[in-house]
Amino acid sequence: MALEIERKFLLQQSPQQLAATGIITILSEQRIEQTYLAIDSNEEIRVRKITDLSTKQTSFTHTFKRGNGLVREEIEYEISETIYGQIMQAFGYIPLTKNRITAQFDNGLIEIDIYDQIQLTVLELEFSSLQEAESYKSPAWFGADISGEKKYSNKKVWKQLQDGKFEQ
């Protein structure tokens with residue numbers, strides 16, 4: 001099982017503004033629809049439909065995550081469009097939708113998620129170790145560090161979407 005080590009920040013500027021000033025270089029943009037099949041306090045199972053906005057190519061994934069905080073275990077693999085469709089039809093949930101921009105910043109990559117159903121833009125930065133993540137000094141434009149705040153987790157926002165109410 002692979003480890004996902006990441007920090008999240010509440011981005012206040014648009015990626016286009018950051019690119020226009022030369023702070024980041026936008027590399028790609030994807031449209032993501034994600035739905036959770038099982039959630040508890042420590043584990044989640046989700047499916048995603050991911051469309052590359054420049055090539056229009058679409059892929060589908062099934063993901064299992066375990067843990068909380070900066071470090072989580074993750075297993076992710078591709079599934080067919082048919083299986084994705086069957087899962088979506090069987091569960092009948094409303095997917096959480098967002099655009100994900102991958103950008104170059106300071107010799108590394110960042111991902112910026114811009115959500116549709118809630119006014120929220122989150123910057124994610126992955127690390128190769130917990131020590132690296134904990135010692136990283138983020139620039140002010142990243143915004144507030146929300147890595148440990150559950151109210152900003154995708155699964156929490158998705159659950160609120162199913163219940164018809166969001167906390168902002």
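Me: How many residues lie between S7 and S8 in their hairpin?
Reply: There are 5 residues between S7 and S8. This is a predicted model, by the way.

Me: How do those strands run, and how many bridges join them?
Reply: S7 and S8 run antiparallel, joined by 4 bridges. S8 covers residues 121-126.

Me: Which residue in S8 is the bridge partner of Ile112?
Reply: Leu123.

Me: And S6, how does that run against S7?
Reply: Antiparallel again, with 8 bridges between S6 and S7. S6 spans residues 96-105 and S7 spans 108-115.

Me: What happens at the turn of that hairpin?
Reply: The hairpin of S6 and S7 has 2 residues between the strands. Asp106 takes a positive phi there, near 50°.

Me: Which residue in S7 stands opposite Arg100?
Reply: Asp113. The side chains of Asp113 and Arg100 also make a polar contact of 2.7 Å.

Me: Is Asp113 buried or exposed?
Reply: Buried, because its relative accessibility is 0%.

Me: What does Leu96 touch?
Reply: Not counting residues up to four places away in sequence, the contacts of Leu96 include Ile32, Glu33 and Gln34. Tyr115 and Gln117 are also among them.

Me: Where is Leu96 relative to Tyr77?
Reply: Their C-alpha atoms are separated by 19 Å. Along the chain, Leu96 and Tyr77 are 19 residues apart.

Me: Switching to the helix. Which residues of H2 are buried?
Reply: Tyr84, Ile87 and Met88, in a helix that covers residues 81-91.

Me: Why are they on the same side of H2?
Reply: Because they cover an arc of only 95° around the axis.

Me: What do they pack against?
Reply: Four strands take part: S2 (25-39), S3, S4 (58-66) and S5 (71-79).

Me: And which residues are exposed on the other side of H2?
Reply: Thr82, Gln89 and Ala90.

Me: What follows H2?
Reply: Gly92, with a positive phi near 70°.

Me: Now Glu44. Where is that?
Reply: Glu44 sits in strand S3, residues 43-52. S3 is also one of the strands that the buried residues of H2 pack against.

Me: Why does Glu44 count as buried?
Reply: Because its relative accessibility is 4%, and the cut-off for buried is under 20%.

Me: Which side chain makes a polar contact with Glu44?
Reply: Arg72, at 3.2 Å.

Me: What else does Glu44 touch?
Reply: Beyond four places away in sequence, Glu44 touches Tyr36, Ala38, Thr63, Phe64, Lys65 and Lys155, as well as Arg72.

Key:
Residues numbered from 1 in each chain as written. Predicted model: local features only at pLDDT ≥ 70, side-chain atom pairs only at ≥ 80, totals over all residues. Heavy atoms only, no water. Buried < 20%, exposed > 50% of the residue type's maximum accessible area, 1.4 Å probe, protein only. Polar contact = N/O pair within 3.5 Å; in protein donor to acceptor, adjacent residues only side chain to side chain. Contact = heavy atoms within 4.5 Å. Pairing = 2+ DSSP bridges. Arc of directions from axis to C-beta.
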